[in-house]
Amino acid sequence: MGDFSITDRTAFRRAVRGLGIAAVVATLVSTTACSSVDPSASDSASPMATATAPTSTSSDTGATPTPTTSPTPTASGSPFALSDPDTWTISGDEVGPIALGGSTSAEVDDLRAAYTRDSGGCPASPATSFWHREASPGLIVEDRDGTVSGVEIGSPQTTATSVTGPETSAGTGVGSSLAELKAAHPDLAALPSASSGEQAAVPTTWTIDAGSRHITFQLGRDGEHVALVWVGQQAAPPYEFCG
């Protein structure tokens, strides 16, 4: 230090003074940064300041509710297709879309989706109608005073060995075997022979109670399988509709 010239000492003091000023400035900047805390920062971090957005609903968003599908028409609670008789249910109240006790003109109108009406009629009962469908048992809708009094499915002159067309909720109909009838309907009862009025050795006609009506099964030519099903107030199927 003793060898420094005046010029050197002057430069040294200036350097030391500059370092001191820089240290002071750095300290002030640090202090200012620590003291300049945004009050809102602590508020936003506080749980009490956190707002929960309301859950949106379909009415808030304007979303359209899912449309409800229209139910398929039902007979006795069972769904069916109007144009497919194999899906129709036989009960004491209905055969597919045909409601017993309903207006004949209104009820038979639904049959046109699956059947063709025969041109022939009954002079004694003009409103009684006959219907046919290829590869399916025919239908007869009996009329009494403008209402459906009975429905017959099939014909005693035919033989089917598998169920086709309308059937009961137990799965019986034209084509069912006698064994299947007995298994499906514990209350099945044989009817007297129409010709003799007595119980036949091998009954060909069997019936069950269905509320205020009967569902009756008549065996075909083989004596083993149902050829005709009748639904009506009387247990025995009509022998003649137009006589």
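Student: What holds paired strands of a sheet together?

Tutor: Strands of a sheet pair through backbone hydrogen bonds, either parallel or antiparallel. In this chain, β6 and β7 run antiparallel and are joined by two bridges, with Arg117 opposite Trp131 in β7. Next, β7 and β8 pair in the antiparallel sense over four bridges, and there Arg133 stands opposite Ser136 in β8. The hairpin of β7 and β8 has two residues between the strands, and in it Ala135 takes a positive phi near 60 degrees.

Student: Over how many bridges do β12 and β13 pair?

Tutor: Strand β12 (residues 205-210) and strand β13 (residues 213-219) pair over six bridges, again in the antiparallel sense, and Ala210 is found opposite Arg213 in β13. In the chain as a whole there are five helices and 14 strands.

Student: How should I read the numbering and the values, before I look at single residues?

Tutor: Residues are numbered from 1 along each chain as its sequence is written. Since the model is predicted, local features need pLDDT of at least 70 and side-chain atom pairs count only at pLDDT 80 or more, while totals for chains, interfaces and linings use all residues, and side-chain values use heavy atoms, with hydrogens and water left out.

Student: What does pLDDT tell me, and what is its average over the chain?

Tutor: pLDDT is the predictor's confidence in each residue, from 0 to 100. The chain averages 75, and 64% of the residues score at least 70. Where pLDDT is low, the predicted coordinates should not be read in detail. Over residues 1-61, pLDDT stays under 50, and the model has seven contacts beyond four places in sequence for them; a contact means heavy atoms within 4.5 Å. Residues 66-76 also have pLDDT under 50, with 14 contacts beyond four places in sequence.

Student: How is a residue sorted as buried or exposed?

Tutor: Buried means under 20% relative accessible area, exposed means over 50%, and partly exposed lies in between, with a 1.4 Å probe and protein chains only. Of the 243 residues in the chain, 33% are buried. Asp145, in the loop between β8 and β9, counts as exposed at 77% relative accessibility. Ala127, in the loop between β6 and β7 (129-133), is partly exposed at 30%. The C-alpha atoms of Asp145 and Ala127 are separated by 8.9 Å, although the two residues are 18 residues apart along the chain.

Student: Is Thr205 buried or exposed, and what is in contact with it?

Tutor: Thr205, which belongs to strand β12, counts as buried at 11% relative accessibility. Leaving aside neighbours within four places in sequence, Thr205 is in contact with residues including Ala189, Ala190, Phe217 and Pro237.

Student: Which residues have the most contacts inside the largest nonpolar core?

Tutor: A nonpolar core is a set of buried Ala, Val, Leu, Ile, Met, Phe, Trp, Tyr and Cys residues joined through side-chain atoms within 4.5 Å. The largest one here has 29 residues, and those with the most contacts inside it are Leu111, Leu139, Val151, Ile153, Ile215, Phe217 and Val229. At least two residues of this core are supplied by each of β8 (136-144), β9 (147-154), α5 (178-184), β12, β13 and β14 (226-232). Val151 touches, among others, Val95, Leu100, Leu139 and Val229, where residues up to four places away in sequence are not counted.

Notes:
Pairing = 2+ DSSP bridges.
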